[in-house]
Amino acid sequence: MSELLKQLNAVRRGIMFVIEAPSGTGKTTVIKRLLAEDEHLNWSVSVTTRQPREGEVNGVDYYYVSDAEYDKLLKEDAFYEYVDSQYGSRYGTLRSEVDGFINVGKDVIFDMDWDGLRQMKEKAPNDVVSIYMLPPSVKELRRRLEGRGTDSKEVIEKRMNMLLDKMQHWVEYDYVVICENPEQATKAIQRIFFAERMKRVRQTGLVEFTQRLVDEVKNG
Ligand code: 5GP
């Protein structure tokens with residue numbers, strides 16, 4: 001059997017959908033919608049040393065850990081990827097969290113920055129699909145950041161100052177979606193998911209299926 005046919009016959013691995021956007025674009029809202037509307041999608045809960053924001057739940061939004069606990073995980077090589085954030089907090093993706101999904105063919109969605117994406121692509125180049133969301137304008141971004149009321153004025157200014165730095169990484173992503181509003185961006189991303197899942201190499205069982213068609217033709 002050729003290498004290609006063997007690949008088609010293999011059990012499909014889960015896809016790692018990595019989504020990133022400048023803070024305030026609407027990424028969190030869109031990710032929540034994607035998860036709510038797609039039973040095949042799973043959320044990878046990251047580890048962070050930052051404090052939970054209002055409404056965030058430990059073990060659901062993040063695993064909130066102390067610096068000492070984070071250092072311990074780092075030492076144990078528990079992270080698939082990790083990053084020391086420019087915001088002073090640290091983030092990491094647990095190997096145990098990801099492998100539990102990917103190895104049994106379940107798709108996972110990640111909220112991580114460009115540095116995390118780079119590390120993920122190095123480890124699993126064929127499994128990672130990356131999407132960058134952009135705001136429709138800087139004015140709108142500021143309005144959204146102020147409107148969400150979770151960050152202090154200083155943090156908002158810091159995020160605005162980081163914007164250009166962060167935005168320049170859009171070229172490293174497979175897809176770019178401009179988020180006019182959460183509905184439109186969610187729909188656009190769902191179409192990306194659909195197309196990626198339909199890729200020939202990800203559709204298992206095609207060899208058997210086409211063989212059945214061939215048999216049908218032969219047997220009349
Ligand atoms: P926030 O603190 O607003 O939830 O996230 C801040 C930044 O950290 C965002 O850019 C987000 O994408 C990134 N981030 C969140 N979790 C992870 C992670 O597990 N790994 C990496 N590399 N970045 C993350």
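These legends describe views of a predicted protein model.

View 1. The predicted model holds 9 helices and 9 strands. Its C-alpha atoms fill a box of roughly 75 × 40 × 30 Å, taken along the principal axes.

**View 2. Surface and interior of the protein.** The protein has 220 residues, and buried residues make up 44% of them. The accessible surface comes to about 12500 Å². Carbon and sulfur atoms account for 53% of that surface.

**View 3. Contacts across the sequence.** This view takes contacts between residues at least 6 apart in sequence. Of these, 68% join residues at least 24 apart.

**View 4. Helix 6 packs with helix 7.** Two packed helices are described by the angle between their axes and the distance between the axes. Helix 6 covers residues 138-148, and helix 7 covers residues 153-167. Their angle is about 155°, and their axes lie 11 Å apart. Angles over 145 degrees count as roughly antiparallel. Helix 6 and helix 7 are therefore roughly antiparallel to each other. Helix 6 passes helix 7 in a right-handed crossing.

**View 5. Residues where helix 6 meets helix 7.** Helix 6 brings Val138, Leu141, Arg142, Leu145, Glu146 and Arg148 to the contact. From helix 7 come Ile156, Glu157, Arg159, Met160 and Leu163. The residues of this contact divide into 6 nonpolar and 5 charged, with no polar ones.

Definitions and conventions:
Residues are numbered from 1 along each chain as its sequence is written. This is a predicted model: local features need pLDDT of at least 70, side-chain atom pairs count only at pLDDT 80 or more; totals for chains, interfaces and linings use all residues. Side-chain values use heavy atoms; hydrogens and water are left out. Axes are lines fitted to C-alpha atoms, for helices over the stretch in contact, and angles run from 0 to 180 degrees between N-to-C directions. Helices (H or I, at least four residues) and strands (E, at least two) are DSSP runs, numbered from the N terminus. Angles under 35 degrees count as roughly parallel, over 145 as roughly antiparallel, 65 to 115 as roughly perpendicular and the rest as oblique. A crossing is left-handed if the near helix is turned anticlockwise from the far one by less than a right angle, and right-handed if clockwise. Contact means heavy atoms within 4.5 Å. Ala, Val, Leu, Ile, Met, Phe, Trp, Tyr, Cys and Pro count as nonpolar, Asp, Glu, Lys and Arg as charged, and the others, Gly among them, as polar. Buried means under 20% relative accessible area, exposed over 50%, partly exposed in between (1.4 Å probe, protein chains only). Accessible areas come from the Shrake-Rupley method with a 1.4 Å probe; for residues, only the protein chains shown count as cover.
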